[in-house]
Amino acid sequence: MTTRILIADDEPLIRMNLREILQEQGYLVVGDVSDGQSAFNLTRQLRPDLVILDVKMPLVDGLTAARMIHDERFAPVLLLTAYSSRELVMQAREAGVLGYLTKPVRETDLMPLIEVTTARWKEQMNRYRELHQLRDRIETRKLIERAKGYLMDRQGLSEGEAFRKIQQLAMNSRKTMREVAQAILLTQQLTA
């Protein structure tokens, strides 16, 4: 599948040159814009595989746009700039930028950076999903434990019996055990 890229730079000549280089390397440029706000909006709308942002742009600068894109987990960001000060690099890192490219762009630098950046992004997103799933499982387990405790106290059931009751209610109602546990705990609150 072709990597879809969005370009944001306030200089039309740089956007055009970058578009040509990327297309020659087999990438699909899904859009190019001249300011950070448009970059964010188009990223939200198109969900490209990668966003290349200039630092100095009107309306919203590249670092702010990068932070907004990163915070929403829309796409990885490569920062394109003529500046390479340590302070700017640190700000880029804090904004969630995954790659840093200095102008003028050399064709030989672009492809490796794009490929490594998109691979790192996929790894980050997989870890994020795994973390979210683990948190969800832990929360579900906590709810079920609390609901079991309520059933054990209220109905004099053993732990195994309380668990089977929740399980049976879930199957009969075609709900998840989490939903049944939440309903039991809501009942507890209403009767308390």
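**Figure 1. Packing of helices α5 and α7 in the predicted model.** In this predicted model, α5 and α7 pack with their axes 8 Å apart and at an angle of about 50°. That angle makes α5 oblique to α7. The crossing in which α5 passes α7 is left-handed. On the α5 side, the contact is made by Asp-136, Glu-139, Thr-140, Leu-143, Ile-144, Arg-146, Ala-147, Tyr-150, Leu-151 and Arg-154. On the α7 side, the contributing residues are Met-177, Arg-178, Ala-181, Gln-182, Ile-184, Leu-185, Thr-187, Gln-188 and Thr-191. Divided by class, the residues of this contact of α5 with α7 comprise nine nonpolar, five polar and five charged.

**Figure 2. Packing of helices α6 and α7.** Helix α6 spans residues 159-173 and helix α7 spans residues 177-191. Their axes lie 9 Å apart, and the two helices pack at an angle of about 110°. Because of this angle, α6 is roughly perpendicular to α7. The crossing of α6 past α7 is right-handed. Helix α6 contributes Phe-163, Ile-166, Gln-167, Leu-169, Ala-170 and Ser-173 to the contact, and α7 contributes Met-177, Val-180 and Ile-184. Classified by residue type, the contact of α6 with α7 holds seven nonpolar and two polar residues, with no charged residues. Met-177 and Ile-184 of α7 belong to this contact, and Met-177 and Ile-184 are also listed in the contact of α7 with α5.

**Figure 3. Packing of helices α1 and α5.** Helix α1 (residues 12-24) packs against helix α5 (residues 107-155) at an angle of about 65°, with the axes 10 Å apart. The two helices form a right-handed crossing. From α1, the contact involves Leu-18, Ile-21, Leu-22 and Glu-24. From α5, it involves Glu-107, Leu-110 and Ile-114. Five nonpolar and two charged residues make up the contact of α1 with α5, and no polar residues take part.

**Figure 4. Bridges from strand β3 to β1 and to β4.** Strand β3 (residues 50-54) runs parallel to β1, and four bridges join the two. Within this pairing, Ala-8 has Leu-53 of β3 as its bridge partner. Strands β3 and β4 also run parallel and are joined by four bridges. Here, Asp-54 has Leu-80 of β4 as its bridge partner.

Figure 5. Strand β4 is mostly covered, with five of its five residues buried. In a regular strand the side chains alternate between the two faces of the sheet. In β4, Val-77, Leu-79 and Thr-81 point one way, Leu-78 and Leu-80 point the other way, and all are buried. Thr-81 is found in this strand. Its relative accessible area is 0%, so Thr-81 counts as buried. Thr-81 and Asp-54 are 27 residues apart in sequence, yet their C-alpha atoms are 5.5 Å apart in space. With neighbours within four places in sequence left aside, Thr-81 is in contact with Asp-54, Val-55, Leu-88, Tyr-100, Leu-101, Thr-102 and Lys-103.

**Figure 6. Thr-3, in the segment before strand β1.** Thr-3 is located in the segment that comes before β1 (4-8). Its relative accessibility is 14%, and Thr-3 therefore counts as buried. When neighbours within four places in sequence are set aside, the residues in contact with Thr-3 are Tyr-27, Leu-28, Asp-49 and Thr-118.

Technical notes: Residues are numbered from 1 along each chain as its sequence is written. This is a predicted model: local features need pLDDT of at least 70, side-chain atom pairs count only at pLDDT 80 or more; totals for chains, interfaces and linings use all residues. Side-chain values use heavy atoms; hydrogens and water are left out. Axes are lines fitted to C-alpha atoms, for helices over the stretch in contact, and angles run from 0 to 180 degrees between N-to-C directions. Angles under 35 degrees count as roughly parallel, over 145 as roughly antiparallel, 65 to 115 as roughly perpendicular and the rest as oblique. A crossing is left-handed if the near helix is turned anticlockwise from the far one by less than a right angle, and right-handed if clockwise. Contact means heavy atoms within 4.5 Å. Ala, Val, Leu, Ile, Met, Phe, Trp, Tyr, Cys and Pro count as nonpolar, Asp, Glu, Lys and Arg as charged, and the others, Gly among them, as polar. Buried means under 20% relative accessible area, exposed over 50%, partly exposed in between (1.4 Å probe, protein chains only). Two strands pair if DSSP finds at least two bridges between them.
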